[in-house]
Amino acid sequence: MKQKLKCNRIWGMMLLVGCIMLSMGTLAWSDDDEWFEHGNKHESEYGEGKHESAWQRTTGVAVVSNKLYKTECSACHFAYQPGFLPARSWVKMMSSLDDHFGENAELDATSRTAIEQYLRGHAADRQPNRFSRSMMRSIGKRETPLRISQTPYFQRKHHEVPARMVKNNPKVRSFANCASCHQGAAKGQFDEDAVRIPGFGNWED
Amino acid sequence: MKKYFWLIPVLLFGGQAQAGESVVQALTGQYQQHGAGLADAAHGKEIWQQQHMQKKLKKRVSCASCHGADLRRSGEHLRTGKRIEPMAPSVNQERLSDPKKIEKWFLRNCKWTWGRECTTQEKADILAFLQSL
């Protein structure tokens, strides 16, 4: 009987230690993420923003930080960073998901509202990052673009990229496929030195 | 006390494999309460491949247009080219394990591909077809 009790206690200890190790693992993980999100180890040049504070000197565009948005809005394509469009664009887009660029992307009301809230809060007009500010400067006050790829800022940055590398390239198909050319797209990295166009190799101009 | 320890791994890993089947069973039950008869996998296969005119795209499409001809392998979104993980639950355990997700995509994909919502019978047949793969 005593033997059995002792055995149980050893099992209990092992479970406890296991649990503590698991939770420490999770902590370390989220620490990593934070650093990733706010750290400035990725960007090499900041171009336009010479007077930015350290806080603002993050990645060119803030990385996606909402799980629901990521799951729901990356099923058919890359999860675009909310910092690429103004809040009014996201609001308009979220109100017509049943005809989303010719696709049906309908959502239940709860998810729709939650995602819209996230997008509005992290839109280009709410972010200090370089690409967000350049984007806002290029869009007229009364314009509500729905496509990132049709904003003046985007078109200025991509006018040197010919159709044979995009539309007529079966591995790219459309400018909407950011991640097919920008290797670091998911981490908010869109610098020209990290561009590799499938079938054409590294971008050099 | 100790004789129940074997339950831990069983609960942790066993639940996963069973989940898909019971979700399909429960959904099929609901469809049958709303007018569907017995689920017919062969009919499910047939309508899965049936071509319909997609008005906005001006092309004929079917469920296979994105999910691919071999459902044990990955497909590709017709317009964006994004990879779609295999549909067969036998190779992709995440498939058919979440009723909300299944209903969401039935709604979107039936409307987009066929121009209308699927009937409860069609949904029961398609689930039976996918489950059989």
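1. In chain A, where is confidence lowest, and where is it highest? Confidence is lowest in helix H1 (residues 2-38) of chain A, at a mean of 50, and highest in H3(A), at 98. The score in question is pLDDT, the predictor's confidence in each residue, from 0 to 100. Helices (H or I, at least four residues) and strands (E, at least two) are DSSP runs, numbered from the N terminus.

2. This is a predicted model, in which local features need pLDDT of at least 70 and side-chain atom pairs count only at pLDDT 80 or more, while totals for chains, interfaces and linings use all residues. Residues are numbered from 1 along each chain as its sequence is written, chains are lettered from A and ligands numbered from 1 in the order in which they are written, and side-chain values use heavy atoms, with hydrogens and water left out.

3. Chain A has an average pLDDT of 81, and 72% of its residues score at least 70. Residues 23-57 of chain A have a pLDDT below 50; beyond near neighbours in sequence, this stretch has 33 contacts in the model. Contact here means heavy atoms within 4.5 Å.

4. For chain B, the average pLDDT is 90, with 86% of the residues scoring at least 70. Residues 10-17 of chain B fall below 50 in pLDDT, and this stretch has four contacts in the model beyond near neighbours in sequence. For the complex, the predictor gives an ipTM of 0.80 and a pTM of 0.82.

5. The contact between the chains draws on 17 residues of chain B and 18 residues of chain A. Together the two chains bury about 1900 Å², 47% of it on carbon and sulfur atoms. Buried area is the accessible area (1.4 Å probe) that two parts lose on being put together, summed over both.

6. Five salt bridges are found across the interface of chain B and chain A, a salt bridge being a side-chain nitrogen of Lys or Arg within 4 Å of a carboxyl oxygen of Asp or Glu. One of the pairs joins the side chains of Glu103(A) and Arg79(B) (2.9 Å, N to O). The interface of chain B and chain A also has 13 residue pairs in polar contact (both at pLDDT 80 or more). A polar contact is a pair of N or O atoms within 3.5 Å; within protein, one must be able to donate a hydrogen and the other to accept it, and residues adjacent in sequence count only if both atoms are side-chain atoms.

7. On the side of chain B that touches chain A, helix H4 (residues 99-114) of chain B supplies the largest share, six residues. By class, this side of chain B has six nonpolar, three polar and eight charged residues.

8. Within chain A, the domain assignment gives domain 1 (66-146) and domain 2 (160-205). Their C-alpha centres lie 22 Å apart. The two domains of chain A bury about 540 Å² between them, 69% of it on carbon and sulfur atoms. In domain 1 of chain A, Phe78(A), Tyr80(A) and Phe131(A) lose the most area to domain 2, together 67% of what that side buries. Between these domains the count is zero salt bridges.

Definitions and conventions:
Nonpolar A, V, L, I, M, F, W, Y, C, P; charged D, E, K, R; others polar. Domains from an automatic or database assignment.
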